[in-house]
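Visitor: I would like to go through this model step by step. Please show the sequence and the structure, and then I will ask my questions.

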Amino acid sequence: MALRLGDTAPDFTAETTEGTINFHEWLGDSWGVLFSHPKDYTPVCTTELGYMAKIKPEFDKRNVKIVGLSVDPLDKHEGWSKDIEETQGAAPNYPLISDPDKKVADLYDMIHPNASDTATVRSVFVIGPDKKVKLSITYPQSTGRNFDEILRVIDSLQLTAKHKVSTPVNWKSGEDVIIIPAVSDEEAKEKYPDGWKTVKPYLRLVPQPK
């Protein structure tokens, strides 16, 4: 059964390139990104893992832990990591789960039989400190992911978790946000004494809260 937004992310114990992890315990009070790869030594995944290593400091700044997953065994992960460093300029600096029995892949519905009955699709899950699924995106095997977009969504998720706002189309951190309809004008006056821009009664724009 597919995981839905708001569901508790399944816990698991797995072997990784950085040792055994118990997923919920490993996450602790952090946010998390779990992303899967069809298999090791594949071209698109090679570019993805290298890019993720380069931008890991951006995830660190946001208190987000990264973990990848492939159905191949650990020794293949280790050899592949050398190829990634050679071709992409950075080796994975986050754990890669070895999931040869597809236990984690099945828990997270990462295998779509009509695409492939053995390889995992390119799944991305963003998980909050409460262990709830905040975002899930599924890409086909042929299309590399946009991890800058994942960062953008995390910025929105972390902002809207603290403030009664939502973010408009193509929003980036620092831009105006939307006061949610559940907040009355009276309540908004208390929260935003400098005012806001009313485009429509249901569309009120305000500078991003600090």
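Visitor: Is F12 buried or exposed?
Guide: Keep in mind that this is a predicted model. A residue counts as buried when its relative accessible area is under 20%. The value for F12 is 4%, so F12 is buried.

Visitor: How many aromatic pairs are found in the whole structure, and what kind of pair do F12 and Y108 form?
Guide: A search of the whole structure gives 7 aromatic pairs. In the pair of F12 and Y108, the planes stand at 85 degrees and the centres are 6.1 Å apart. Planes over 60 degrees apart have a name of their own. The pair of F12 and Y108 is therefore edge-to-face.

Visitor: How many residues apart in sequence are the parts that F12 and Y108 tie together?
Guide: F12 belongs to the segment before β1 (13–16), while Y108 sits in the loop between α5 (103–107) and β6 (122–127). Y108 is buried, with 1% relative accessibility. The pair ties together parts whose separation in sequence is 96 residues.

Visitor: What kind of pair do F35 and Y94 form?
Guide: F35 is in strand β3 (residues 31–37) and Y94 in the loop between α4 (74–88) and β5 (96–98), 59 residues apart. Both residues are buried, F35 with a relative accessible area of 0% and Y94 with 2%. Their ring centres are 6.0 Å apart and the angle between the planes is 50 degrees; this pair is tilted.

Visitor: Which residue lies over the face of W26?
Guide: W26 is part of one aromatic cluster, together with F12, F23, Y108 and F125. At 5.3 Å from the ring centre of W26, over its face, lies K65.

Visitor: Which helix gives the most to the lining of the largest pocket?
Guide: The largest pocket holds about 240 Å³ of space. Its lining has 13 residues, with D155, Q158, L159, K162 and Q208 nearest the centre. By type, the lining divides into 5 nonpolar, 5 polar and 3 charged residues. With 5 residues, the helix that contributes the most is α6 (residues 147–162).

Definitions and conventions:
Residues numbered from 1 in each chain as written. Predicted model: local features only at pLDDT ≥ 70, side-chain atom pairs only at ≥ 80, totals over all residues. Heavy atoms only, no water. Phe/Tyr/Trp six-rings, centres within 6.5 Å; stacked < 30°, edge-to-face > 60°. Helix = DSSP H or I, 4+ residues; strand = E, 2+ residues; numbered from the N terminus. Buried < 20%, exposed > 50% of the residue type's maximum accessible area, 1.4 Å probe, protein only. Lys NZ or Arg CZ within 6 Å of the ring centre and 35° of its normal. 1 Å grid on protein atoms, 1.4 Å probe; cavity = no way out; pocket = protein on both sides within 12 Å on 5 of 7 lines; lining within 4 Å. Points joined across faces, edges and corners; volume = space filled by probe spheres on them. Nonpolar A, V, L, I, M, F, W, Y, C, P; charged D, E, K, R; others polar.
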